[in-house]
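Here is a short report on selected side-chain contacts, backbone angles and strand pairing. The model is a predicted one.

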Amino acid sequence: WRVSGGYLYVVGSGDLPNFTAYNAPWSSKYQEINRVVIDGNITSIGSYAFYNRKRTEPIFVATSAENLRSLNIGNYAFYVDEKVANERFTECLSENSTSKTLMNPLKLNISGSIGERAFENRLVFTNGLEFNYNGINKTNINTLNFSLSIGNYAFSMGADKGGAKQDINGINKDKYTNYDLKLPYCTTSIGAYAFFEFYRLKGLSFFGGIPTDVSTPTYANNL
């Protein structure tokens, strides 16, 4: 890994190990980091890898023509607590005081798993969540051997109960309207409360058709 120009580049291949809170090797460099770029050959991001650090929004490099990569994301890997989430929300509005914009959408193009609370509260200061799988449909899903499992509270937004939700009126509403989230056809499981308190989420659907074997608690518990 290296830090350059405000970016933390995690390069190489294989699995990143699991860490404990605030104990990843790049912890001493967080004051220099604004974004994290994950190499396309990294196959697993360990638990707590970027735990509770507000300027570690990830960019995932794709590895195929279908804009797809194999990646497992560990528990609490990109988690931030309510205090950090609301601080970052306020910073985003201050940094973009004219346009009132948040961070760009969190874009995921992975085949694998998203661990428990992996992105909890990240979406408080991010303009949405996008699952981006160009060219993936029912006919080629088996060839690609694609699957996606989403852990408990993976994208929950508990911090939204604080300042972020109260300040939403300060955001340019033309850019930040409610939207439907589309999950890929081969989603195999959705954990309990995976999208809890996701206040801009109007509905949840699947592109490519409704999965026949998705394991999920009742949607009322997830949304």
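Glu120 and Arg117 join their side chains in a salt bridge, with 2.8 Å from N to O. Glu120 is buried, because its relative accessibility is 8% and the cut-off for buried is under 20%. Arg117 sits in the loop between strand 9 (110-114) and strand 10 (129-131). The side chain of Arg117 also makes a polar contact with the side chain of Tyr76, at 3.4 Å. Leaving aside residues up to four places away in sequence, Arg117 touches Tyr76, Tyr79, Asn152, Tyr153 and Ala154.

**Salt bridges**

The whole structure holds 3 salt bridges.

| Pair | N to O distance |
|---|---|
| Glu120 and Arg117 | 2.8 Å |
| Glu87 and Lys83 | 2.6 Å |
| Lys29 and Glu32 | 3.9 Å |

What separates Glu87 and Lys83 along helix 1? The two are 4 residues apart in helix 1 (residues 82-95), so about one helical turn lies between them. Lys83 is exposed, at 58% relative accessibility. Glu87 is partly exposed, at 31%.

Are Lys29 and Glu32 buried, partly exposed or exposed? Lys29 has a relative accessible area of 32% and is partly exposed. Glu32 is partly exposed too, with 42%. The closest N and O atoms of this pair are 3.9 Å apart, and the salt-bridge cut-off is 4 Å.

**Positive phi**

Tyr22 has a phi near 65 degrees, a positive value in a residue other than glycine. Tyr22 is in the loop between strand 3 and strand 4 (35-38). Its relative accessible area is 43%, so Tyr22 is partly exposed.

Tyr48 is not a glycine either, and its phi is positive at about 65 degrees. Tyr48 lies in the loop between strand 5 (42-45) and strand 6 (57-60). At 25% relative accessibility, Tyr48 is partly exposed.

In which order do the strands of the open sheet run? The order is 3-5-7-9-11-13, with 6 strands and parallel pairing. Strand 3 (14-15) and strand 13 (187-190) are the edge strands, because each pairs on one side only. Strand 11 (residues 148-150) pairs with strand 13 in the parallel sense, over 3 bridges. Leu148 has Thr187 of strand 13 as its bridge partner. Strands of a sheet pair through backbone hydrogen bonds.

Terms used: Residues numbered from 1 in each chain as written. Predicted model: local features only at pLDDT ≥ 70, side-chain atom pairs only at ≥ 80, totals over all residues. Heavy atoms only, no water. Polar contact = N/O pair within 3.5 Å; in protein donor to acceptor, adjacent residues only side chain to side chain. Contact = heavy atoms within 4.5 Å. Pairing = 2+ DSSP bridges. Buried < 20%, exposed > 50% of the residue type's maximum accessible area, 1.4 Å probe, protein only.
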